[in-house]
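Here is a short briefing on one protein model. Look at the sequence and structure first, then read the points below.

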Amino acid sequence: MRARNGGSNTPLPAWPWATTRQTNRLSFSNRQRRKEDNDDSSSRRPVVHNRPTRYRPRDRQFEPAALAYRQSTLRTGLRPGITPRGEVQRRRRGNVAPEPAHGPDSGSSVMAQRVNMPVGVKLSADIEERSDYGKRPFRARVRWTEPATKKRPTVTEPFETREEAQAWIDRMQRLAMQGIDPKTATMSLADYGNANMDLALRGLEKKTTDPYGCGWRMRVVPSLGHIPIGMITNGAIDRAVVGWINDGSGKSSVKNTLAVLVRVMEQAKRDGLRTDNPAQVRGWQKLYAQIEDELDDPRSLALPDWSTLVTLANALVARSADEYQGWGDVVTFAACTASRIGEVSGCRVGDIDTATWTWTVRRQTTPGPGGLDDKGTKGNRRRYVPLIEEVRQLVLDRIALVGEDNADARLFVGPRGGRIATGVLRDATHWDEVVTKLGYEHLRRHDLRHTGLTWMADAGVSLHLLQKIAGHADSRTTERYLHPDRREVTDAGDKLSNHLRSRSGPALRVVG
């Protein structure tokens, strides 16, 4: 059956929400609206449908989907239809522009849906220098005119130098000659990868895509996701790989993470956004072995004694702005509890038990694409850490400062009340400069944790208890903190000999 369509015999689509009678009524409404638009009178009369219907209550003229169809049709003049091949076609005064129908199973991506620039469109570019832009005073801007809509889209990017801004403009102009939208060219790695992941992983089995997706979400996006796809360098990926290994990621995890990153960057090459693939890292297994060797002796990274720790904390406070004492408290607390800086930042008043003087480590503060965020501890395992006599007064002072009744208050915050991260501590205290002057240029923030565990091991804390305090899943990691003194091995042999020769021990028989 053909619906009346303003005198035309063009069939309207058989939408699942519209019956034939409803479609006729929509067409009738469109004709009424066009008649009112052509009327010179300023008064507008509502469209009245006199036809009764047994499909809907009379007080509602349209279902929500039908109303959305009517409004979009009147606003844009487009009438969607379905071609025999399942494509969505849009009609504008007889012109048909088919495009693929998108759905969960269509295998399409956002890049496929985005309309790229026609090849050869000319870009107009300029560089603006302003003193109120901070560290990046040069703002590069490119604009172009879309032939179809005559709109003037704009893309801007700030830079530190005029040369960097000009290089960015030159790159945008080269991409425009290839028909690539500058907005697409400046997408971040996270946005581009999420939009094109199905396309990048095509042909792989689900048992392979699952670990690839895990590596993408847990390692690539937090480390590199905020960087524009065209600005990712080999050095950035090298530093990301080192970070993954330092965080304890296994070789298979790093391999799967690099594999999905390589595929996403290859898709960017096919889209013309890059000319190379910096994710093809070679020799990362050797780098992995080198970092493992450095971690084999964490004792060498620890501070020697308590007085050195106090000197370091005081020097960091003196070098910071306004000599904020909180930075020294963070350093001292981290070393004496053998904890990570992120875990110190996540410590709340309610996590401290002053009756038993223990700290329940439940969370850590880590940097992410959207800023600092709280999440569970490494391995999502809570653990209990003793608070020694040397830090108890410090803890009481911090609790009194934020309020004992405020259990959710952070025990350690920055000078403006913000959350603390290892990078924030480094920049605020000029860490590298201070430790170099003290003769500990190798010292990092994480080495405070090595310091605490080394001191506990030297104090005679048993291996299994030290493992619980550190939160290590593998006892072999904890064994690295034990003192490698051969005299202890000799003493153990002497103890065994004394036991065997004692009256309570087993009788020895000399064999000739």
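Strands (E, at least two residues) and helices (H or I, at least four) are DSSP runs, numbered from the N terminus.

Residues are numbered from 1 along each chain as its sequence is written. The model is predicted, so local features need pLDDT of at least 70, side-chain atom pairs count only at pLDDT 80 or more, and totals for chains, interfaces and linings use all residues, while side-chain values use heavy atoms, without hydrogens and water.

**Sheet**
- Two strands pair if DSSP finds at least two bridges between them.
- E7 and strand E8 (residues 358–361) run antiparallel and are joined by 2 bridges.
- Ile352 has Trp359 in E8 as its bridge partner.

**Helix H8**
- Helix H8 covers residues 234–246, which is 13 residues.
- The expected span is 1.5 Å times one less than the number of residues.
- That gives 18 Å for H8, and its end C-alpha atoms are 18 Å apart, so the two agree.
- Ala236, Ile237, Ala240, Val241, Trp244 and Ile245 of H8 are buried.
- Buried means under 20% relative accessible area, exposed over 50%, and partly exposed in between (1.4 Å probe, protein chains only).
- Gly248 follows H8 and has a positive phi, near 95°.

**Cysteines**
- The structure has 0 disulfides, a disulfide being a pair of cysteine sulfur atoms within 2.5 Å.
- Cys214 is partly exposed, at 25% relative accessible area.
- Cys347 is buried, at 1% relative accessibility.
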